[in-house]
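Dear colleague,

Please find below the structure that I am handing over to you.

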Amino acid sequence: MNRNLYYRKYGLCAIVLSMLICAACAESIEDKFLRLEKEGESHYSARQYSEALAVWKQTLAMRPDDVGILSRIGETYLRLAEISNAEETFRKVVKIKPDAWSAWLELGKIRLISWDVASAQEIFDRFGQHLTRSSAGYIFRGDIRMLKNDLYEAELDYRQALAIDPESQPALGRLAICLLGQEKKGEAEKIYATLAGLKPDNPDTLIQMANFWKLADDIGQAEQQYLKVVELEPEDLGLQMALAEFYVDTEQNAKAMTVLEKILNASPDNKAASQMRVEVLLNQGSMNQAGKALDSLYADYHNDMAIQMLKGKYHLMIREPGIAMIHFKDVVDKEPNFPLGHYCLGLAYLAGGQNQLGFQSLVKALSLDTEFYDAELALADYYYKTKEYDLCLEHAGRIAEKEPENYRSHLIMGNAYLAQGKYQDAQGKFRSAQLINPESKSPPYFMAMAAELSGEKDAALMLYRDLLDRYTELADAGMRYANLLIQMGKINEARQYFENAAESQPNNPYLRHILGEIYVASGESEAGEKAYGQAVAIDPQMTFSYLKIAEIMKNKGEVDKQIDVLKTAIENVPGFTDAYMELAGIYRRNNQMDEAIATIRTAVAMDQNDPVLANNLASLYLDAGLEFNKAFELAHDAYEKRPDDPAFADTLGWAYFHKGIYGQAVWYLKEAAGLMAGSSLENSDIWEKEKAIVHHHLEMALKANEERDVAE
């Protein structure tokens, strides 16, 4: 036989035989799917969550629409604390299978984790009739109501869950917490004992037991319970995240950071852990580190709503409300029904001086979630600042009624009563706040102030003294105490107390400043100047001390030294608005308009949201006969932020005059005159001069308007 023919014949047979053998040995797709599914379950049971996820992803590649595998992947993401990925996965499940009620339930829980109560409520409203076929559905609604602080209704839901499943450990744990929140301590302890008797080993239940002790204010027991849970499931990063969150909530930031670093070592790309790490850095005041970490997160997740919210919070904390507004606005544009987004946007607007927009955002947040207590208290605070005290009391009172233990509501109400001159009512609210939070310094301070304003000066002295003996660093309390002693003719007592305090605390700049006030009040201006100088030597950020030294120089007629002091203040405290204003005022009085304008322009460049600086620069431009269009723009923006300030109405009216729009000029100048008629300043001489200027501007505008009418 021909050799080539032989090789071709038998070589071909060998290839065919090999193919047949491989085909016989090959694993079918169905068998491979089942094998991988089982392998994933094996890893999951062994708490090897990363391995389980990797295997199930292979399985999913074979059946992309398998809701069972997708659900298991979603659950695994939760174990790995990858919340965004879990949410995205469960959304795929409900898109493929809209009646996958368990997936809808998981999505609702994830919304609650993100504190998006409104979205969780929306899910329940849509699918509640299906979800409540099991105890889990009632537990979910109870959780929503708990976050809304509707404890009575939440209790009913948890009891309904137990009616379906009497030994439901998640329901028992939540019911115990709910009862404790309603101050039904005995009943709560019985439910907790029942739960403990079941010897739970479910992580969710153990977390609820830890939360019970946290609410009972036994932080040590709560921590031990959290640590026990993490020890049982060391590979569950979700539980480690819960521990980190516990530490953040209880202000144990160093411990929180240790846990988060451990999570990030195991899972470097974990967004939730990276996000919480930024929160901890912000809590610790590590702004530079927080900013860098946040920039890195933002680069990878610039469209992520949670990162946008965190970015806004960061810029709000470093006093950049304009940038914060941009981020919060982006959030509410994407999620118009997100109450927290509107609330934060409102805070940013208020911080930037845009009060009306801030008010509107807070109202929107409250309309989306009527149980959003922080939004309602922010609204009460807004009304307090706008001197609408009855509305302030209405909103804060509503919170105090719904949540009697809400410290802030009592404090706001106390301040509103104080502003109304209802000193007894104010005292009552401050006492309530003190009982709720005995460690807070604010209630005793305001109680002392209420006593002082009501004429009970001896009682006020005792309260101030008691407060200062415990907290010597309270500059405002110290200043009020010193001033009250001076008013009562007890200046030697003031001198002796604060000299002793300064001697025992030589590095306390506030005590040096207060001593300066006492010396000046005694007619010892040189000693006062020395004390103020010591204050700024200890702390170059002591802004008021610079102003006091400048005032002494002014009184001595040493204008050059006054200017030098103010320039030093600006150099040491670049954002010191009052120093810029004082310095510009000197230049203005000396007719050095170029220097005055340059000074205020520098200040405006550093803080473009400050309406006082904008109004001052507009006024300077107008008086110098320069930049009329720019002056009008500045005056208009400033007036929008402070429409009730007569100085702002005057500047805008005068800007209209210079643009030749005399009718509008008259309107705003009349408004300025009206606002002045209903107001007063401590320095009546200055006030009379300001009134004279406004009336002069008004006369000029009226005359020009009449002449124009005659000409027409």
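This is a predicted model: local features need pLDDT of at least 70, side-chain atom pairs count only at pLDDT 80 or more; totals for chains, interfaces and linings use all residues.

The axes of helix 4 (residues 67-79) and helix 5 (residues 83-96) come within 8 Å and cross at roughly 160°. Because angles over 145 degrees count as roughly antiparallel, helix 4 is described as roughly antiparallel to helix 5. Their crossing is left-handed.

I turn next to helix 14 and helix 15. The axes of helix 14 (residues 237-249) and helix 15 (residues 253-266) come within 7 Å, at a crossing angle of roughly 160°. These two helices are therefore roughly antiparallel to each other, and helix 14 passes helix 15 in a left-handed crossing. On the side of helix 14, the contact is formed by Leu 237, Gln 240, Met 241, Leu 243, Ala 244, Tyr 247 and Val 248. Helix 15 supplies Asn 253, Lys 255, Ala 256, Val 259, Leu 260, Lys 262 and Ile 263. The classes here are 10 nonpolar, 2 polar and 2 charged residues.

A further pair is helix 11 (residues 185-197) with helix 12 (residues 203-215), which pack at an angle of about 150° with their axes 12 Å apart. Helix 11 and helix 12 are therefore roughly antiparallel, and the crossing is again left-handed. Ala 188, Tyr 192, Leu 195 and Ala 196 of helix 11 make the contact with Thr 205, Met 209, Phe 212 and Trp 213 of helix 12. This contact comprises 7 nonpolar residues, 1 polar residue and no charged residue.

As for aromatic rings, a search of the whole structure gives 27 aromatic pairs. One of them joins Phe 124 and Phe 140, whose ring centres are 6.3 Å apart and whose planes stand at 55°, so the pair is tilted. Phe 124 belongs to helix 7 (residues 117-131) and Phe 140 to helix 8 (residues 135-147), so the pair ties together parts that are 16 residues apart in sequence.

Finally, the protein is divided into domain 1 (36-133) and domain 2 (630-711). The centres of domain 1 and domain 2, taken over C-alpha atoms, are separated by 63 Å.

With kind regards

How values were computed:
Residues are numbered from 1 along each chain as its sequence is written. Side-chain values use heavy atoms; hydrogens and water are left out. Axes are lines fitted to C-alpha atoms, for helices over the stretch in contact, and angles run from 0 to 180 degrees between N-to-C directions. Helices (H or I, at least four residues) and strands (E, at least two) are DSSP runs, numbered from the N terminus. Angles under 35 degrees count as roughly parallel, over 145 as roughly antiparallel, 65 to 115 as roughly perpendicular and the rest as oblique. A crossing is left-handed if the near helix is turned anticlockwise from the far one by less than a right angle, and right-handed if clockwise. Contact means heavy atoms within 4.5 Å. Ala, Val, Leu, Ile, Met, Phe, Trp, Tyr, Cys and Pro count as nonpolar, Asp, Glu, Lys and Arg as charged, and the others, Gly among them, as polar. Domain bounds come from an automatic or database domain assignment. Rings of Phe, Tyr and Trp (its six-membered ring) pair if their centres lie within 6.5 Å; planes under 30 degrees apart count as stacked, over 60 as edge-to-face and the rest as tilted.
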